[in-house]
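Here is a short note for a colleague who is opening this structure for the first time. Please read the points with the model in view.

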Amino acid sequence: MKDITTIYITRHGQTEWNIQKRFQGHNDSPLTELGVRQATWLGESLQDHKIDQIYSSTSLRAINTAEIIRGQREIPIERYDAFKEINLGIWEGITQEEAKSSNALQFNYFWSDPEAFQVEESETFQQVYERAVNKLHEIMSKNQGESILVVTHTVVIKLLMAYFEQRDLKSIWEPPYIHPTCLCQIEINEDNHSIILHGDMSHYRGGVIEN
C-alpha cells in the first residue's frame, strides 16, 4: 500500500482590493496588515505539520502568503500560472458594483451560473478548472506519499474542491465560503481520497473578519 498523500490548499491573505470589493483576477494588490496576520496565524497552526512541497500561484499576493506560511522551513516555493485566479478580462480592477452596473447578466452568471460566464478577454470557469486540476494531478503524481501545500485563489480553490467533491460547476458557490487563508485538506490513498478540512478557519484569532 502506498503512503497517504496530503494536500493542503489555502487562499492568500486579505488584500487591499478585497477590502474595496474589486475583482483582482490576474491583476494584483498587496496584502493588508490583517492579510499578513491571517497568513501568520495559518503558518503557526501548521508549524508542527509535515510539509514537503510548497506551490503557489505566480501572483504576488499568493507568493507573499506562501512565504509567510513557510516560516523557517527551507522549502522552495514553486510558482505556477496554472494556480492563478480566473482571468476576468475587462472586469479586472473594477468593483463588484461597477461590474453589476455594466453587465448585470454576466454578473448574475458569475455568481449563479458560472458555466455561462464570460466577459470580454476573460477565461471561462471551465478553462480555469482544467488548468488547475491538471496541474494538481501533475503535482500529486510526482509527490506521492508527501505533504503538499498549495497557495492560490478563491475561484481556483472552489474548482479544485468541486473536483474532489464531484460537484458540478453550477453549484460551486455553495458553502463553505473561502475566507482568506482558510484551509482545505485532502488525503489521497491510491485511488481513494478523503476531504478532512474544507474552508477551515480554526487558526483565526479574534473571530471571523469578512472581506
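Which residues does Phe125 touch, not counting residues up to four places away in sequence? Point 1 takes this up.

1. **Phe125 and its neighbours.** Keep in mind that this is a predicted model. Leaving out residues up to four places away in sequence, Phe125 touches Ile86, Phe110, Pro114, Phe117, Val155, Leu159, Leu169, Ile172 and Trp173.

2. **The largest core.** Phe125 is also one of the residues with the most contacts inside the largest nonpolar core, which has 42 residues. Ile7, Ile9, Trp91, Phe110, Phe117 and Phe164 are listed with Phe125 in that group. Two or more core residues come from each of β1, α2, α5 (104–112), α6 (125–142), β4, α7 (154–165) and β5. Helix α7 gives the largest share, eight residues. In soluble globular proteins, nonpolar side chains tend to be buried together.

3. **Strand β2.** Strand β2 spans residues 53–57, and five of its five residues are buried. β2 has pairings with two strands. Four bridges join β2 to β4 (residues 147–152), and the two run parallel. Here Ile54 has Leu149 as its bridge partner. With β3 (residues 77–80), β2 also pairs in the parallel sense, over four bridges.

4. **Helix α3.** Follow the chain through β2, α3 (residues 60–70) and β3: they make a right-handed β-α-β unit. The buried residues of α3 are Arg61, Ala62, Ile63, Thr65, Ala66 and Ile69. They pack against β1 (5–11), α2 (33–45), β2, β3 and β4. Gly71 follows α3 and has a positive phi, near 60 degrees.

5. **The β5–β6 hairpin.** Strands β5 (residues 183–189) and β6 (residues 192–200) pair in the antiparallel sense over six bridges. Gln185 stands opposite Leu197 in β6. Two residues lie between the strands of this hairpin. In the turn, Glu190 has a positive phi of about 55 degrees.

6. **The largest pocket.** Its volume is about 530 Å³. The lining has 26 residues; Arg11, Gln96, Trp111, Thr154 and Tyr177 lie nearest the centre. Helices α5 and α7 are the elements that give two or more residues to the lining. The largest share, three residues, comes from α7.

7. **Backbone points to check.** Most residues other than glycine have a negative phi, and most peptide bonds are trans. Lys21 is not a glycine, yet its phi is positive, about 55 degrees. Lys21 sits in the loop between α1 (16–19) and α2. Is Lys21 buried, exposed or partly exposed? Lys21 counts as partly exposed because its relative accessibility is 45%. Gln166 has a positive phi too, of about 60 degrees, and is not a glycine. The place of Gln166 is the loop between α7 and β5. With a relative accessibility of 75%, Gln166 counts as exposed.

8. **A cis bond.** The peptide bond joining Pro175 and Pro176 is cis, with omega about 10 degrees. Pro176 lies in the loop between α7 and β5.

Technical notes. Residues numbered from 1 in each chain as written. Predicted model: local features only at pLDDT ≥ 70, side-chain atom pairs only at ≥ 80, totals over all residues. Heavy atoms only, no water. Buried < 20%, exposed > 50% of the residue type's maximum accessible area, 1.4 Å probe, protein only. Pairing = 2+ DSSP bridges. Right-handed = clockwise from strand over helix to strand, strands pointing away. Contact = heavy atoms within 4.5 Å. Core = buried A, V, L, I, M, F, W, Y, C linked by side-chain atoms within 4.5 Å. 1 Å grid on protein atoms, 1.4 Å probe; cavity = no way out; pocket = protein on both sides within 12 Å on 5 of 7 lines; lining within 4 Å. Points joined across faces, edges and corners; volume = space filled by probe spheres on them.
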